[in-house]
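Take a moment to look over the sequence and the model. The paragraphs that follow walk through them step by step.

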Amino acid sequence: MTALSLSGLHKSFGTVQAVKDVSLSVAAGETLTLLGPSGCGKSTVLRCVAGLERPDAGGVEVAGRDVTALPPEARHVGLVFQDYALFPHLSVLGNVTYGPRMRGAVRAVAEAQAREVLALVGLEALTSRRVTQLSGGQQQRVALARALATGAGLLLLDEPLSNLDEQLREELRSELRALFARVGAGVLLVTHDQREALALSDRVAVMRSGRVVQQGAAQQVFDRPATAWVAAFLGWENLLPGGPGRVRLVPETAVRLGMGEAFPVTRRQRTGSGLTVTVAHHDGPLTLHLSAREAAALDGDALRVDVDTSRVLDVPDDRPDGAAP
Ligand SMILES: Nc1ncnc2c1ncn2[C@@H]1O[C@H](COP(=O)(O)OP(=O)(O)OP(=O)(O)O)[C@@H](O)[C@H]1O
């Protein structure tokens, strides 16, 4: 079943075209991440789905029902925002019970539902705590529990891990993935963090200036960016000049060390796990991450590298300056 379907969505604020012709769908049980730099329109898409913004054109279907003209409360979606928006004066249980109660569930039923989802997110021992007495990670889980308690088939998450420190983010990334799989809802997630997108999503849609410029299976998009801009945004380091208006993307796995011609090492930087070097290859500078063992085998100021050209991707250069890399 399709949890969400967006077709031809447009949204402007005055002269700013925040969302341009966005179409995408999320299947039940699937996580789709909108990934893109700040200001590219990710949150606006999410807000149009939630009913917090009204699109200028296009349609929003949730579980096969056209909700484009419906107010947020009639859409039956679960929302988790960056700041969690919890009620500080209520307990954990009170926060999670609130939604079902507002939709008319009697207290006992609402509380039973709330306890069930709190157990799912591992907070059953903290139900009577005030949310102000919780850590950031625990508050994040309350926000998730509250969204899950709606029983909605579609969850919308806007940068859900952005307020947490790196270690907690790491932990919650794997927890969230497991949780999404367990509840079976469709999830539309917004982030500008590439690692988060890769860790949490089945599919990603990369947005640039209001448009979706590439979408597909998460690993596929990361492994095969369609353009130079997408590659650079996803953290590809080796973008070498190609033909006119083209760029050659060299995956590090296409580079064999200790074979082929020797090239000068122009930069070296120690990292936690080894050494990052830049090699002046005749096709352009290559940045390579060497393990401690590979670094030990480095012969003075030169490194033998052989590029497997069959694995190099030739893509259009759509970066704003159009300059040769
Ligand atoms: N209510 C608003 N009024 C005017 N302009 C807005 C409004 N909301 C968003 N915009 C503009 O629309 C564009 C897209 O904003 P949006 O918040 O959707 O981007 P985003 O990709 O979610 O960014 P971020 O990652 O920084 O949250 C931006 O140029 C933004 O300034």
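How far apart do the C-alpha centres of domain 1 and domain 2 lie? They lie 40 Å apart. Domain 1 covers residues 2-223, and domain 2 covers residues 243-316. These bounds come from an automatic or database domain assignment.

Some ground rules come next. Residues are numbered from 1 along each chain as its sequence is written. The model is predicted, and local features need pLDDT of at least 70, side-chain atom pairs count only at pLDDT 80 or more, and totals for chains, interfaces and linings use all residues. Here pLDDT is the predictor's confidence in each residue, from 0 to 100. The chain has a mean pLDDT of 89, and 98% of its residues reach 70 or more. For the complex, the predictor gives an ipTM of 0.96 and a pTM of 0.87.

Now the overall build. The C-alpha trace spans about 75 × 45 × 35 Å along its principal axes. The chain has 9 helices and 17 strands. Helices (H or I, at least four residues) and strands (E, at least two) are DSSP runs, numbered from the N terminus. Of the 325 residues in the chain, 38% are buried. A residue is buried if 20 or more other C-beta atoms lie within 10 Å of its own, exposed if 12 or fewer, and partly exposed in between, with C-beta atoms placed from the backbone. Contacts tell of the fold as well. Two residues are in contact if their C-beta atoms, placed from the backbone, lie within 7 Å. Among contacts between residues at least 6 apart in sequence, 64% join residues at least 24 apart.

Turn to the ligand. Which residues surround the ligand? They are F13, V16, A18, G36, S38, G39, C40, G41, K42, S43, T44 and H192. Helix α1 gives the most, with 3 residues. By class, the shell has 4 nonpolar, 7 polar and 1 charged residues. In this count Ala, Val, Leu, Ile, Met, Phe, Trp, Tyr, Cys and Pro are nonpolar, Asp, Glu, Lys and Arg are charged, and the others, Gly among them, are polar.

Next comes the interior. In soluble globular proteins, nonpolar side chains tend to be buried together. A nonpolar core is a set of buried Ala, Val, Leu, Ile, Met, Phe, Trp, Tyr and Cys residues joined through C-beta atoms within 7 Å. The largest such core here has 81 residues, and those with the most contacts inside it are V49, V96, A145, L154, L156, L188 and V206. Helix α4 (residues 136-149) gives the most to this core, with 7 residues. The core draws at least three residues from each of domain 1 and domain 2.

Follow one of those residues, L188. It sits in strand β8 (residues 186-191). Why does L188 count as buried? L188 counts as buried because it has 27 C-beta neighbours inside 10 Å. Leaving aside neighbours within four places in sequence, L188 is in contact with L4, V26, L32, L46, V49, L154 and L156. The C-alpha atoms of L188 and V315 are separated by 28 Å, and the two residues are 127 apart along the chain.

Helix α2 (residues 92-102) has its own buried residues: V92, L93, N95, V96, T97, G99 and P100. Their cover includes α3 (107-120) and α4. After α2 comes G104, with a positive phi near 100°.

D21 has a phi of about 50° and lies in strand β2. D21 counts as partly exposed, with 14 C-beta neighbours inside 10 Å. H76 has a phi of about 55°. H76 is in the loop between β5 (65-66) and β6 (78-80). With 17 C-beta neighbours inside 10 Å, H76 also counts as partly exposed.

End at G59, in strand β4 (residues 57-62). G59 is partly exposed, with 15 other C-beta atoms within 10 Å. Not counting residues up to four places away in sequence, G59 touches S7, D66 and T68. Its C-alpha atom is separated by 9.5 Å from that of C48, 11 residues apart along the chain.

Terms used: A residue is near a molecule or strand if its C-beta atom, placed from the backbone, lies within 6 Å of it.
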